[in-house]
Amino acid sequence: PGATVIDHPLVQHKMTHMRMKDTSTQGFRRLLREISLLLCYEVTRDLKLVDTSIETPVSEMNAPVLAGKKLVFASILRAGNGLLEGMLELIPSARVAHIGLYRDPETLEAIEYYFKAPADMNERRIIVVDPMLATANSAIAAVERLKQRGANNMCFVCLLAAPEGVQRFNEAHPDVPIYTAAVDEKLNEKGYIVPGLGDAGDRMYG
Ligand code: PRP
């Protein structure tokens with residue numbers, strides 16, 4: 001339960017620059033791409049390896065490669081795509097699921113407008129990505145939807161979480177660990193993370 005905070009100094013440094021209100025769209029995007037590489041590196045530490053026989057220019061050997069089926073990145077639109085792009089650079093063979101959700105500005109409920117996922121989700125490791133975990137309505141709904149499609153081996157990766165969101169997500173999906181670069185102080189009455197970094201989707205796309 002709770003969330004694993006990725007406290008790597010480069011991640012923390014980049015997060016601070018993403019929080020600054022004067023960081024431009026261009027700067028924000030570049031930082032998001034860089035940070036996504038570092039987060040991806042951390043959350044894939046536990047992937048299983050299997051030995052395969054290869055030939056180097058010198059001799060034969062048994063060498064490790066990733067075991068099992070290709071993993072899936074599940075991106076919660078829009079802002080999830082910022083994390084997705086960097087992660088795909090590190091794992092270009094990954095499959096991708098897209099889940100379109102927006103928060104109703106009044107109720108903060110997650111409303112689905114798009115869903116497309118690869119087949120055989122039950123046989124793959126799935127990394128769900130979205131920069132923000134605020135009320136957790138979006139993340140809870142996305143994971144619920146992926147479970148309906150058979151997903152049973154998931155983690156959730158974000159940049160920034162509110163304590164309220166971590167708790168609600170843990171209660172809804174105790175089997176899905178959360179990785180984040182920071183857990184902030186609270187949610188405000190509009191459902192924004194405080195101090196936060198604003199709305200990640202707006203800062204990336206306008
Ligand atoms: C933001 C953010 C998350 C969600 C988090 O998306 O990118 O998806 O809100 O809030 P929650 O935990 O309270 O559900 P938004 O609805 O603004 O859509 P966008 O990414 O398309 O801008």
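The shell around the ligand has 13 nonpolar, six polar and four charged residues. Here Ala, Val, Leu, Ile, Met, Phe, Trp, Tyr, Cys and Pro count as nonpolar, Asp, Glu, Lys and Arg as charged, and the others, Gly among them, as polar. The model is predicted: local features need pLDDT of at least 70, side-chain atom pairs count only at pLDDT 80 or more, and totals for chains, interfaces and linings use all residues. Residues are numbered from 1 along each chain as its sequence is written.

**Ligand surroundings**
- The ligand is surrounded by 23 residues (C-beta atom, placed from the backbone, within 6 Å).
- Arg-78, Ala-134, Thr-135, Ser-138 and Gly-201 are the closest.
- Helix α4 (137–148) is one of the elements that each supply at least two shell residues; α4 gives the most, three.
- Helices (H or I, at least four residues) and strands (E, at least two) are DSSP runs, numbered from the N terminus.

**Nonpolar core**
- The largest nonpolar core has 53 residues, and Leu-133 is among those with the most contacts inside it.
- Strand β9 (residues 154–161) gives this core its largest share, seven residues.
- Such a core is a set of buried Ala, Val, Leu, Ile, Met, Phe, Trp, Tyr and Cys residues joined through C-beta atoms within 7 Å; buried means 20 or more other C-beta atoms within 10 Å of a residue's own, with C-beta atoms placed from the backbone.

**Strand pairing**
- β9 and β10 run parallel, joined by five bridges (pairing needs at least two DSSP bridges).
- Val-157 has Tyr-179 in β10 as its bridge partner.

Conventions
Buried ≥ 20, exposed ≤ 12 C-beta atoms within 10 Å, placed from the backbone.
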